[in-house]
Amino acid sequence: MDTPVQLTIDDQAVSAAPGTTIHKAARAAGIVIPTICYHDYCTANALCRICVVEVEGSRTLVPACVAFVAEGMRVRTQTERVRRARKNILEMLASTVDLSEAPEILALMKEYGADAQRFPGALKRDPPLVDDNPMYIRDYAKCILCWRCVQVCASDAQYTYAINFEKRGFHTQISTFFQRPMPLTTCVFCGQCVGVCPTGALKSRRAWLLEQGMLE
Amino acid sequence: MPESDLSPLHAVLEELASQGRAALLPALHAAQDLYGHIPEPVAFEIGRVLRVPLAEVHGVIDFYALFSREPAAKTVIQVCNDPVCAMAGSEEFLKTLRRQNVTVHQAPCLGLCEHAPAIIVREAQRGHVKPGKITETIGEAPRSLLGGDIALLTRNCGTGRATALLEYEAAGGYLALRKVLTLPPDQVIAEIKASGLVGRGGAAFPTGLKWEGAAKATGERKFVVCNGDEAEPGTFKDRVIMEEDPHGVLEGLIIAAYAIGANKGYLFIRGEYHRAFKTMAVAVAEARAGGHLGASVLGSDFAFDVEVRRGAGAYVCGEETALFEAIEGKRGFPRVKPPFPTTHGLFGMPTVINNVETLRNVPLILTLGTARYRSLGTEKSPGPKLFCVSGDVARPGLYEVPFGVTIRHLLEDLAGGIRKGHRLQAILFGGAAGAFATEKDLDVRLSFEDLRAAGLPLGSGVVMVFDESRDLRDILLRLARFFAHESCGKCYPCQIGTQRQMEILERIAAGGALLSDAACLSDVGWTMTDASLCGLGQTAASAVISALKLWPRLFEGR
């Protein structure tokens, strides 16, 4: 067993095994670092940057979900710089997608005093809902591009590779090959993508029909 | 080529199949060239033969601007509409294209800033274009515009054509490589470390340290990569070197490979740089035929070969790990660092990746010797440096100077000063990812230490000059458009921040700034700077933040 690494998180002495992420070390010490894209069973990609923290000696903020603890590291999770970045990322997210079915993100917005109306006239991502198979619907107006669905469909779980990305930058969307309807792809309807979606962008078609009042 | 005829595609794929996914970008380039776009059956075949999941083939096609799933007109023309070309009349030029049967792409900076306004028509670079009928001979063929106090890095440039192998050797070329092959690799690394060479791509990392890291790292294979994905608006130095002195770059790459023990190298060249790509490919073929590459480099027991790769329209691939992803046949998403390329680079192996100008310095250092090399420049910034001067100066062009001359010397003595009848308003330093300088900075010396003290980034050596008649709000909007277009979309701060930054600047440039806009712009800017995953996002607001400090009134709302 490797010797544990000693560090401080918000001035609290923390001990963690080498190879532990800052996020996990903090969690074990009872310090909550917020996350959005992170999922315990998916590869962490440091996409949302909500988990950024200040590490002494580092020029930029550091994503706690992928950065490892190091001996003597001094981490601060609630500095002004950190809070500004988190608040601003939440505000930008709210100006871009429909977060109405993302309660965890809405709670974070409250906690950080984020203003959903910060960006007047901002372009939203608002593509039409895709209802192309009997199992689940895809409402990408709610998609925050956390990549979880793409990852569980690929090498994080199912190895079906039915979905990937379309376009890039702000205009990125999740798509099948040449936008083929899902039954014409390699999708095996395992439902794992629906299970990991944090915003209701992917939803059981039956649940959706019930919400629409289209089923008894 | 009708898209129902897959036989020419199969011929290409047969050659590429053994590379698997790593051949995805070359295969898509071939398909784009054959069919004018990449239709579904063609994409399907490529995925099947190279064993890439179809959804990922789709993802890769969509990531790169030079690949398209939609058919285009027979003539595709790329028009640069970034600051320098816009100031030289690209907007007027674009208007006249509407009535012609051509597909127009408003391209990010084409690296032809000294010939603005610039376009590419059917792979041909054309500069100083004026409104008129589009042909391959519109405007002028750009010819390198060189100047400066010295000509070491550019000694073989300025002829308007590529220096062939025999000429290069006649001028003392490949002597450095011959010498290196007689030395132990660690001695080569020691020489590069002693020279004080740091990377010329923008990050200024010590080259010798990078080489040492990769030499010491363990891996079953190692790679060297030349980063020729030059796309920082205002930068054209690497294009000129690759087009006119390809062996100077190649020699540097071979020496790097010898130093770290790599047997395979890649030259990754920006997709829009057709001429540089062809020139480098010819040089590699010459070097292979001449025994400078292959199983026994110049008769030694060192084996090394090079593959020349084309980018496909993505500025972010200039970021080293995104460039690896592109070579590996993936979307050009930058990777999380650490781990760094010296231990986990291309295909997960120890890799040295250096910029074109950096590699061109290598044979120079070994030929001159460290002492003579260091006699140029300053103590902390030794050696020669290329600066790309564009915009409102009398003589835009590529200038080679020793580090340590002043900005004033570069602009007034070398580039002929501000264009006639005008005065200096601002200089964008370091590129789109740079910062603004003004009159008060003219006596700052061009060295890493002096520029850092003045708060100016050296970046990729961009010096973009604006006179008093230019609307800086319009310039900023164009820079913001560039970043919004080039953001890969991986991390949220840059994915959304570049879009919001552009929207706010659109409002400001149109004279309709809101009271809240300056504060929003600053918050978005600092969030991108502090929290983005890669250098693109971290510098996407750099010029805007510097303008907010220098000219707060530009951003005032009602």
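In which hand of crossing does α19(B) pass α20(B)? The legends below lead to the reply, starting with that very pair.

This is a predicted model, in which local features need pLDDT of at least 70, side-chain atom pairs count only at pLDDT 80 or more, and totals for chains, interfaces and linings use all residues. Residues are numbered from 1 along each chain as its sequence is written, while chains are lettered from A and ligands numbered from 1 in the order in which they are written.

**View 1. Helices α19 and α20 of chain B pass each other in a left-handed crossing.** Helices (H or I, at least four residues) and strands (E, at least two) are DSSP runs, numbered from the N terminus. Helix α19 covers residues 472-486 and helix α20 residues 492-509; their axes come within 9 Å and cross at roughly 155°. Axes here are lines fitted to C-alpha atoms, for helices over the stretch in contact, with angles running from 0 to 180 degrees between N-to-C directions. The two helices are therefore roughly antiparallel to each other; angles over 145 degrees count as roughly antiparallel, under 35 as roughly parallel, 65 to 115 as roughly perpendicular and the rest as oblique.

**View 2. Here are the residues where α19(B) and α20(B) make contact.** Two residues are in contact if their C-beta atoms, placed from the backbone, lie within 7 Å. On α19(B), look for residues including B:Leu476, B:Leu477 and B:Phe483. On α20(B), the partners include B:Met502, B:Leu505 and B:Ile508. The contact residues divide into 9 nonpolar, 3 polar and 4 charged. Ala, Val, Leu, Ile, Met, Phe, Trp, Tyr, Cys and Pro count as nonpolar, Asp, Glu, Lys and Arg as charged, and the others, Gly among them, as polar.

**View 3. Domain 3 of chain B touches domain 4 of chain B.** Domain 3 (147-374) and domain 4 (384-467) are among the domains assigned to chain B, with bounds from an automatic or database domain assignment. Taken over C-alpha atoms, their centres are separated by 26 Å. Domain 3 gives 19 residues to the contact and domain 4 gives 24. On the domain 3 side, β5 (146-148) and α11 (237-244) are the elements that give two or more residues. By class, that side has 8 nonpolar, 7 polar and 4 charged residues.

**View 4. Cis peptide bonds can be found in a loop of chain B.** One cis bond joins B:Lys337 and B:Pro338, with omega about -5°. Another joins B:Pro338 and B:Pro339, with omega about 5°. B:Phe347 is partly exposed, with 14 other C-beta atoms within 10 Å.

**View 5. A:Phe178 has a positive phi.** Its phi is near 50°, and the residue is not glycine. A:Phe178 sits in the loop between β8 (173-175) and α5 (192-196) of chain A. A:Phe178 is buried, with 20 other C-beta atoms within 10 Å. A residue is buried if 20 or more other C-beta atoms lie within 10 Å of its own, exposed if 12 or fewer, and partly exposed in between, with C-beta atoms placed from the backbone.

Note on methods. Left-handed = near helix turned anticlockwise from the far one by under 90°.
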